[in-house]
Amino acid sequence: MKTYKLGMLASVMALSAGMATAGEIAVIVKTTSSNFWQNVNKGAEAAIAAQSEHSFSFDGPATESAVADQVNLVENAINRGVSGIVLAPSDPEALAPVVKRAYESGIPVVIIDSALTDGAKGTYQAFLSTDNCAAGEEVAKRMIDEAGTEGKVAVMSYVAGVGSEIGRVGCFSDYLTANSDLEIVGPYYSQSQMAQALNQTTDILASNPDLVGIFGANEPTAVGMGRAIMQAGKAGQLVALGFDGNEDLQQFVREGLMEATAVQGSFAMGEKGVNAIIDILGGEKVEPFINTGVVLVDQENIDSDQAKNVLY
C-alpha cells in the first residue's frame, strides 16, 4: 500500500456531524497492476496536493479477479479508522456488505468506475463513472461505420458481471444487434489478464478467419488483443476497436492496427473521487452520479488537447 501524507492525521469523522476532520482517504482500486488504475492514482494525488487537511493511501489487489483480497483491503481501511473511502469495486455483490459496514461506521464512501448492486444504494454517497452503456454504444456505432452491417464481430471482454462490463459490453452488443445484421462471437473473458486475452484472441482469429471486427473492452484485454492481431499478421484486415488509453493502445492507433480506442477519464475518477470525499467531510452535498466521460481516440484526434487530457 502506498500512503501519501500531505496533511496531519486525526481521528475518523462522524458522518452524521457533517464536519471536516483531517485524516486518511483510502483509494482502493481493482488492481494496482494496470496503467489505467495508476492514472486514477495520479488524479487522487492531484486532489490531495491541492489541499492540506487530508492524506491518502492507494491500494488494490494483484489482479481484478482477486475479489476477496479487495474486500479485505476495505475491511482493513475501516478497521484503521480512515476518514473516507474511494472504491472501484471488482464485484457488485461481494463488495456491498463491506461498503455497508463502512456506512455503519460513519465512513463516507464514493464509488468509482463500476456500480455496486442496487441493494447497496444508500450506503455510499456518490458514484463517479463513465456512462459505460453510452460508451459501449458509441464504440458499436463506430464498428458499424467501419465494418458495415454484415459479418462476424468478436467481443473480447474482461470480468463477467462487473458493473462497468455489464454496461459497456452489454450495450455494445445490444446496439449491434438492434442496428445491424452483425453476428457476435463471444463474449470471451480475459479476467483482465493481457496474456490470456492474447491467447484467446489468437484462437478466435484462427477459428474465425472471416471476422470483420473485434472489440477489446478494457486496457489489458485490448492490449492482448492487439498483440494477437499483430502476431497473426491480421493488422488492417479487420476493424479493431479498444477501450482505455495506455501507451500500447496509443501506438496501435498510430500504426493503424487499431481503428480507435475509447478512453475514459481515469485521472478525473481519482481527482473527482477524492474531492467528493473532501466535500462530504466538509459538510457539502455532492451529486449522486458524476459522469467522468469518454473520448473516442483515433488517428485524426490523437494529438488533440481533448485526447491528451485522457490518454496516459
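## Report on selected features of the predicted model

P187 is placed in strand 8. In this predicted model, the peptide bond that joins G186 to P187 is cis, and its omega is near 10 degrees.

Q191 is not a glycine, yet its phi is positive, at about 60 degrees. S192, also a residue other than glycine, has a positive phi near 60 degrees. As to accessibility, Q191 is partly exposed because its relative accessible area is 28%, between the limits of 20% and 50%. S192 counts as buried because its 9% falls under 20%.

| Residue | Relative accessible area | Class |
|---|---|---|
| Q191 | 28% | partly exposed |
| S192 | 9% | buried |
| E287 | 54% | exposed |

Helix 5 covers residues 163-179, which is 17 residues. The buried residues of helix 5 are S164, E165, G167, R168, V169, C171, F172, S173 and L176. An α-helix has 3.6 residues a turn, so residues three or four places apart point the same way.

Against which elements do the buried residues of helix 5 pack? Their partners are helix 4 (132-147) together with strand 7 (150-157), strand 8 (181-189), strand 9 (211-216), strand 10 (239-243) and strand 11 (260-264). Strand 8, one of these partners, is also the strand in which P187 lies.

### E287 and the annotated span

E287 is found in the loop between helix 9 (266-281) and strand 12 (289-291). E287 counts as exposed because its relative accessibility of 54% is over 50%. Leaving aside residues up to four places away in sequence, E287 touches Q125 and A126. Between E287 and A206 there are 81 residues of separation in sequence, and their C-alpha atoms are 48 Å apart in space.

An unreviewed UniProt entry lists residues 25-285 as "domain: Periplasmic binding protein". In the model, residues 25-285 are 47% helix and 21% strand, and the end C-alpha atoms of the span lie 18 Å apart.

Definitions and conventions: Residues numbered from 1 in each chain as written. Predicted model: local features only at pLDDT ≥ 70, side-chain atom pairs only at ≥ 80, totals over all residues. Heavy atoms only, no water. Helix = DSSP H or I, 4+ residues; strand = E, 2+ residues; numbered from the N terminus. Expected span 1.5 Å × (residues − 1). Buried < 20%, exposed > 50% of the residue type's maximum accessible area, 1.4 Å probe, protein only. Contact = heavy atoms within 4.5 Å. UniProt positions renumbered as here; feature names shortened; annotations may be inferred.
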